[in-house]
Amino acid sequence: MIREVRVENLALMRGDRLLFRGLDFTLAAGQAISLVGRNGAGKTSLLRAIAGFLRPLQGSIAFEGEGGALEPEEARSRGLHLAGHQDGLKSSRPAEAEFRFQARWTGAGEDGMARARAALDLDVLFDLEVRKLSAGQRRRLSLGRLLASPRPLWLLDEPLAPLDADHRKAFGALMAEHLDGGGMILAAVHDPLPLVTETLDLGALEDVA
């Protein structure tokens, strides 16, 4: 399992525009890092690059386990969750069916799904089609797989944005529990997360780019 993510001399492009270059940081077990910077600074692109959906212009992204270096493809397929603005939920499906599909696709068993249902108050959504859910309800449903199929690295893009105050507090507690268990969180944020994190300001790289 992933115990460390190491980014060295990373540069990313979006279209014809250089987002940043020269990015170095390490994320270790039990640690959370908040990505900050203006819109367009590259926060979402960095999450997607670590998840393997965006090829870097230069630099490296490496994953370490307890026994040393991990193959990137294996680390990504079994060791991380990416929760972004595009939640991948199929709008025509009942919420329960969509939750079960996503949870099972990422390897969840019944115990994990039961934990996610209770922790995120999902049962009240299950009689509705996904298209009838509010933005906050959709976010809770999409976050369910993080708890249903535990993986050490959570890549989160504005995870609290659509949630109400009670569910922000509840998910904040779940993030803290994840870190206490040796998990890692890299989150793109505009508002501070409800837990202690390091801060990585991609805007500080603009002069370099």
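Reader: Where does glutamate 98 lie?

Author: Glutamate 98 lies in helix 3, residues 95–105. The model is a predicted one.

Reader: Why is glutamate 98 called buried?

Author: Its relative accessible area is 1%. Buried means under 20%, so glutamate 98 counts as buried.

Reader: What makes the pairing of glutamate 98 with arginine 93 a polar contact?

Author: The distance. The two side chains come to 2.7 Å. The limit is 3.5 Å between N or O atoms, so the pair qualifies as a polar contact.

Reader: Which residues is glutamate 98 in contact with, leaving aside its neighbours within four places in sequence?

Author: Gly88, Leu89, Lys90, Arg93 and Val130.

Reader: How do you know that the charged end of arginine 93 sits over the ring of phenylalanine 101?

Author: The charged end is 4.5 Å from the ring centre. The distance limit is 6 Å, and the charge must also be within 35 degrees of the ring normal. Arginine 93 is listed as sitting over the ring of phenylalanine 101.

Reader: How many aromatic pairs does the count come to?

Author: Two. One of them joins tryptophan 154 and phenylalanine 171.

Reader: Why is the pair of tryptophan 154 and phenylalanine 171 called stacked, rather than edge-to-face or tilted?

Author: The ring centres are 6.1 Å apart, and rings pair within 6.5 Å. The planes are at 10°. Under 30 degrees counts as stacked, so this pair is stacked.

Reader: What parts does the pair tie together?

Author: Tryptophan 154 is in strand 7 (residues 153–157), and phenylalanine 171 is in helix 6 (residues 165–180). The pair therefore ties together parts that are 17 residues apart in sequence. Both residues are buried.

Reader: Which residues touch the most other members of the largest nonpolar core?

Author: That core has 33 residues. Tryptophan 154 and phenylalanine 171 are among those that touch the most other members, along with Phe99, Leu141, Leu156, Met175 and Ile185. Helix 5 gives the most to this core, with five residues.

Reader: Which residues are in a second, separate core?

Author: The second core has 30 residues, including Ile33, Ala41, Ile61 and Phe63.

Reader: What makes the phi of asparagine 9 worth a remark?

Author: Phi is near 50°, a positive value in a residue other than glycine. Asparagine 9 lies in strand 1, residues 4–14.

Reader: Why is aspartate 121 called partly exposed?

Author: Its relative accessibility is 36%. Aspartate 121 is in the loop between helix 4 and helix 5, and has a positive phi of about 55°.

Technical notes:
Residues are numbered from 1 along each chain as its sequence is written. This is a predicted model: local features need pLDDT of at least 70, side-chain atom pairs count only at pLDDT 80 or more; totals for chains, interfaces and linings use all residues. Side-chain values use heavy atoms; hydrogens and water are left out. Helices (H or I, at least four residues) and strands (E, at least two) are DSSP runs, numbered from the N terminus. Buried means under 20% relative accessible area, exposed over 50%, partly exposed in between (1.4 Å probe, protein chains only). A polar contact is a pair of N or O atoms within 3.5 Å; within protein, one must be able to donate a hydrogen and the other to accept it, and residues adjacent in sequence count only if both atoms are side-chain atoms. Contact means heavy atoms within 4.5 Å. Rings of Phe, Tyr and Trp (its six-membered ring) pair if their centres lie within 6.5 Å; planes under 30 degrees apart count as stacked, over 60 as edge-to-face and the rest as tilted. A nonpolar core is a set of buried Ala, Val, Leu, Ile, Met, Phe, Trp, Tyr and Cys residues joined through side-chain atoms within 4.5 Å.
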